Amino acid sequence: MDHRALKDSLYPHFARIGAALASDRRLELLNLLAQAPRHVEALAAESGMSVANTSQHLQTLKNARLVDAHRVGARVEYCLADESVARLWLALRDVGETRLSEVADITRRLGLNDSRGEMVHREDLERLSADGSILVLDVRPRHEQEHGHVRGATLIPHDELESRLDELPRDRRIVAYCRGHYCLFADVAVDLLRQRGFDAVRLDGGWLEWMVEGRPTEAATSTENA
């Protein structure tokens, strides 16, 4: 096989990946599935799409081998094919942040970076947690927390936080995290905690970045990266 024939054989398959990623709605679905597996109805509800449209997008991702589907009881549950898909999504996002001025314009216009102020970097979280100077707080939805979370984190979903403030210490800094860089659950949690007198900051990034970087995690029934 000569070079031309090799490229003509391989590149169309690589293009299948690019075509599957060429949709903002499918990227959103990948981001949700990076947090935890979900059935189509849950994905539709969270993404604001109809079940029919969600199913079509999932089929495109499945045909490109980016997601897998498994039957759980009466429902079909979708998940990322493997961790390389999560890394691919983060790489695409990073290139977009670097090369597209529109991304910076949107975050600046919405005050995203300005409103976050002081943050704890992921590189420092393990050390600070180990010496007892901080409490790590996961405020993602419960299903995502149970699928996997930062090792040793306290798990309180964002919609339960206000009613469970008495479970949190007032003599330690609280570092809240959520799905990732563009998720606002942690920002809302930090605002609430500060209003109630807690010393609280956000983690730089979130679960997706932490998981892809291979940092210590655990799940409800098993421990990973121990």
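1. Helix H2 (24-35) and helix H5 (83-99) each contribute at least two residues to the lining of the largest pocket, and H2 gives the largest share, six residues. Helices here are DSSP runs of H or I with at least four residues, numbered from the N terminus. The model is a predicted one, in which local features need pLDDT of at least 70 and side-chain atom pairs count only at pLDDT 80 or more, while totals for chains, interfaces and linings use all residues. Residues are numbered from 1 along each chain as its sequence is written, and side-chain values use heavy atoms, with hydrogens and water left out.

2. The largest pocket has a volume of about 440 Å³, and of the 16 residues that line it, Leu 27, Glu 28, Asn 31, Trp 89 and Tyr 182 are the closest to its centre. A pocket is an open set of points on a 1 Å grid over the protein atoms alone, where a 1.4 Å probe fits, with protein on both sides within 12 Å along at least five of seven lines; lining residues have an atom within 4 Å of a point. The volume is the space filled by probe spheres set on the points, which are joined across faces, edges and corners.

3. One aromatic pair is counted, under a rule that ring centres of Phe, Tyr and Trp (its six-membered ring) lie within 6.5 Å, with planes under 30 degrees apart stacked, over 60 edge-to-face and the rest tilted. The rings of Tyr 11 and Phe 14 have centres 5.9 Å apart and planes at 65°, so this pair is edge-to-face.
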